[in-house]
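Welcome! Let's take a friendly walk through a protein model, one step at a time.

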Amino acid sequence: MSADGDNNSHSRTSVELSIHKIYYILSHIPSLEVDEKADYEMWNALGIFTKDSDHKQHSERQNAEDKQHKTDKSSINVFSAANIAKKMKIKFTKAWISLLRLPLPLDVYKEVLVSLHQAIIPYLSNPILLCDFLTRSYDIGGVISVMALSSLYILMTQHGLEYPNFYEKLYALLEPSIFMAKHRAKFLELLDSCLKSPLLPAYLAAAFAKKLSRLSLSAPPSGALVIIALIHNLLRRHPSINCLVHREGGDEIARDDSTAGKDDEHKDSCTSVKISGKEPGIDHFNSEETDPVKTNAMRSSLWEIDTYRHHYCPPVSRFILSLENDLTIRSKTTEVAVKDFSSGSYATIFREEIRRRVKQVPLAYYKATPTSLFSESDFPGWTFEYNQNDELMTTNDNANVDVYEDHDHGSAKRQRIECS
């Protein structure tokens, strides 16, 4: 058994090493873009190395012959850089598809996902062949799904890929850990782009807005800023969800409250107080539901965003004021660039704050001497004013008590001496 186990581990190691080498070779292939002025050697269909200058001389000699048309046509078929680049693109595509079918190690898997949308997809002959690999990666969840989102978004927007459960999977990726992830900037920018379509249903836009609003309660200040920017853009693009900004209470809830009041008139006052205490603050949004359709987001409100008015971080409390404008008027409002906030952190917020020119600086001392420790409005009926006469009277009383104690102590000592 030990020998078999050693053989299996050795074979697995050799396979992973081979995959690493194949990936290294494919990832270092130079760009396949055709450059007419390039002066590099190229392998043509006849197996001859030619340069751009040799190609020009060959075409001049062919033009001097009688069969100019046929020779030009054969020359194009043989020596055309565009045709050779096209064939190279086909070979490049086959090589990458063959690699992606292998059991990739985790480190190679992540590197492929990171570089796929920039270094691989633009040079494939048919990028739609990556749909199986990308959809499987997107269904895994977690960091792998975040890394696969960029390439999948390119296939959907530029190559006509249809992925029915795309928004459900995207909704499931919204977790508090996303604001601490390494690739959070790219993910948040893609999230804003995916929610830009005006054909997005109202319930779906409301679900994303409410989910982001709920995540803001546990997000750092940098995450709160980007959440406010995302919600700002959602409210501006989809006026049908502006009811989430301010909701006095739904009609259904009001009817239920009135009915309950009529049925409970015969009950005692304690029970009525308990029922009335449960009426306000009812949020029908289900934050644990993974399906945006079943979250009841349209019956909720963005009450979490209102708490940012008193946020401890000044940039957050200032930025929340942008939601007070009427976002349904597109002519008076503009979208917020999410990329300006997506890569933020405590360090970036601190740098921006120290660059600001503050008109009124908060002081560490009082401009006027305070007359009381607390104001009268804090504790009605109490007085905290400083009275100097009361202090003098207290001091005199303490002095008299000390004199009396000394006098009694002295008289007791004299009595003990007389008795002795």
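We will begin with confidence, then turn to a pair of helices and end with a salt bridge.

Keep in mind that this model is predicted. Across the protein chain the mean pLDDT is 74, and 66% of the residues reach 70 or more. Confidence is highest in helix α10 (residues 202-215), with a mean of 93, and lowest in helix α13 (residues 269-278), where the mean is 35. The pLDDT is also below 50 over residues 36-40, a stretch with six contacts in the model beyond near neighbours in sequence. Residues 43-53 are below 50 too, and this stretch has 22 such contacts. Where pLDDT is low, the predicted coordinates should not be read in detail.

Now for the helix pair. Two packed helices are described by the angle between their axes and the distance between the axes. Helix α5 (residues 106-120) packs with helix α6 (residues 131-140) at an angle of about 115°, and their axes are 12 Å apart. That angle makes α5 roughly perpendicular to α6. Their crossing is left-handed. Which residues make the contact? From α5 come Y109, V112, L113 and L116, while α6 brings F133, L134, S137 and I140. Seven of these contact residues are nonpolar, one is polar and none is charged.

Charged residues come in with our last stop: the structure holds 10 salt bridges. One of them joins R237 to D192, whose closest N and O atoms are 3.0 Å apart. R237 belongs to helix α11 (residues 221-237) and D192 to helix α9 (residues 184-194), so the pair ties together parts that lie 45 residues apart in sequence.

Terms used. Residues numbered from 1 in each chain as written. Predicted model: local features only at pLDDT ≥ 70, side-chain atom pairs only at ≥ 80, totals over all residues. Heavy atoms only, no water. Axes fitted to C-alpha atoms, helices over the stretch in contact; angles between N-to-C directions. Helix = DSSP H or I, 4+ residues; strand = E, 2+ residues; numbered from the N terminus. Parallel < 35°, antiparallel > 145°, perpendicular 65-115°, else oblique. Left-handed = near helix turned anticlockwise from the far one by under 90°. Contact = heavy atoms within 4.5 Å. Nonpolar A, V, L, I, M, F, W, Y, C, P; charged D, E, K, R; others polar. pLDDT = per-residue confidence, 0-100. Salt bridge = Lys/Arg side-chain N within 4 Å of Asp/Glu carboxyl O.
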